[in-house]
Amino acid sequence: MSRGLDAALLGALAAAHVTHFCVLTMEFDSGTQYLTDCPFDVTIAGITYTSAQQIGGIEPFTETDTGVQGLKFTLSAVPQSQIAAALIEDIQGRRVTLGMVVVDDGVLRVDPKAWQGYFDTPEIEDQRGEDGHATYSVTAESALIRWQIPRGWRSNDQDHKQIY
């Protein structure tokens, strides 16, 4: 099944050696956060993705024919002031997008939507050290999971009797 990747990206992925990194877009009510697993900040299409290489992690995901699995995003060394803000904001159901960037002879080939999903509930591990930092984890379910959720109404006799 083709996802409509452009020919340049497909060619870069077919190379013997592929250098790549991820970009993460997290949409919150308070604003959108842009992170990357590069050791430095990266600007793509006018958006600057902040490096989270030393403090962030993304657990691997698998999507199979029998089920759709999500991702777990973890940020460590988070200051207490930001943990407080994270606790106040309701993030469940907010969109998260993971993109993949391939470096092809100095040119960035971008798949902006390698994985899309929605945040679930966060977990905060209060393992503060002397610096007063904590670990913040949140899981996200794949957008494909919404295909498995039954819709509320069907066009059958039983449902019509409930309406009328």
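User: Which residues does Asp120 touch, leaving out those up to four places away in sequence?

Analyst: Happy to start there: Asp120 touches Ile91, Gln92, Val138, Thr139 and Ala140, where a contact means heavy atoms within 4.5 Å. This is a predicted model, in which local features need pLDDT of at least 70 and side-chain atom pairs count only at pLDDT 80 or more, while totals for chains, interfaces and linings use all residues. Residues are numbered from 1 along each chain as its sequence is written, and side-chain values use heavy atoms, with hydrogens and water left out.

User: What makes the link between the side chains of Asp120 and Gln92 a polar contact?

Analyst: The distance is 3.2 Å, and the rule asks for N or O atoms within 3.5 Å, one able to donate a hydrogen and the other to accept it; residues adjacent in sequence count only if both atoms are side-chain atoms. Asp120 also has Val138 at 6.7 Å, C-alpha to C-alpha, although 18 residues separate them in sequence.

User: Why is Asp120 called partly exposed?

Analyst: Buried means under 20% relative accessible area, exposed means over 50%, and partly exposed is in between (1.4 Å probe, protein chains only). Asp120, in strand 8, has 27%, so partly exposed is the label.

User: And why does Thr36 count as buried?

Analyst: Its relative accessibility is 3%, which is under the 20% limit, so Thr36 is buried. This strand 2 residue has partners including Phe21, Cys22, Val42, Tyr49 and Gln53. Over the 164 residues of the protein chain, 27% count as buried.

User: How many salt bridges are there, and what makes Asp29 and Arg94 one of them?

Analyst: There are two. A salt bridge needs a side-chain nitrogen of Lys or Arg within 4 Å of a carboxyl oxygen of Asp or Glu. Asp29 and Arg94 meet at 2.7 Å, N to O, so the pair qualifies. The partners are 65 residues apart: Asp29 is in the loop between strand 1 (19–28) and strand 2 (31–36), and Arg94 is in the loop between helix 2 (80–88) and strand 7 (95–104). Asp29 is exposed at 57%, while Arg94 is partly exposed at 21%.

User: How do you know that Arg109 and Asp104 form a salt bridge?

Analyst: The closest N and O atoms are 3.4 Å apart, which is within the 4 Å limit, so this pair passes too. Arg109 has a relative accessible area of 25% and Asp104 has 23%, so each is partly exposed.

User: Why is the ring pair Phe28 and Phe119 called stacked?

Analyst: Rings of Phe, Tyr and Trp (its six-membered ring) pair if their centres lie within 6.5 Å; planes under 30 degrees apart are stacked, over 60 edge-to-face, and the rest tilted. For Phe28 and Phe119 the centres are 5.6 Å apart and the planes meet at 5°, so the pair is stacked. Phe28 in strand 1 and Phe119 in strand 8 are 91 residues apart. Phe119 is buried, at 3%.

User: Why can Leu108 belong to a nonpolar surface patch?

Analyst: Patch members need over 30% relative accessible area and no salt bridge, with like charges joined within 9 Å and nonpolar side chains (Val, Leu, Ile, Met, Phe, Trp, Tyr) within 5 Å. Leu108 is partly exposed at 37%, so it clears that 30% threshold. Together with Val103 and Val110, Leu108 makes a patch of about 180 Å².

User: Finally, what does the secondary structure of the protein chain come to?

Analyst: Three helices and nine strands, in the order α-β-β-β-β-β-β-α-β-β-β-α from the N terminus. These are DSSP runs, with helices (H or I) of at least four residues and strands (E) of at least two, numbered from the N terminus.

Notes
Areas by Shrake-Rupley, 256 points an atom, 1.4 Å probe, with all protein chains shown as cover.
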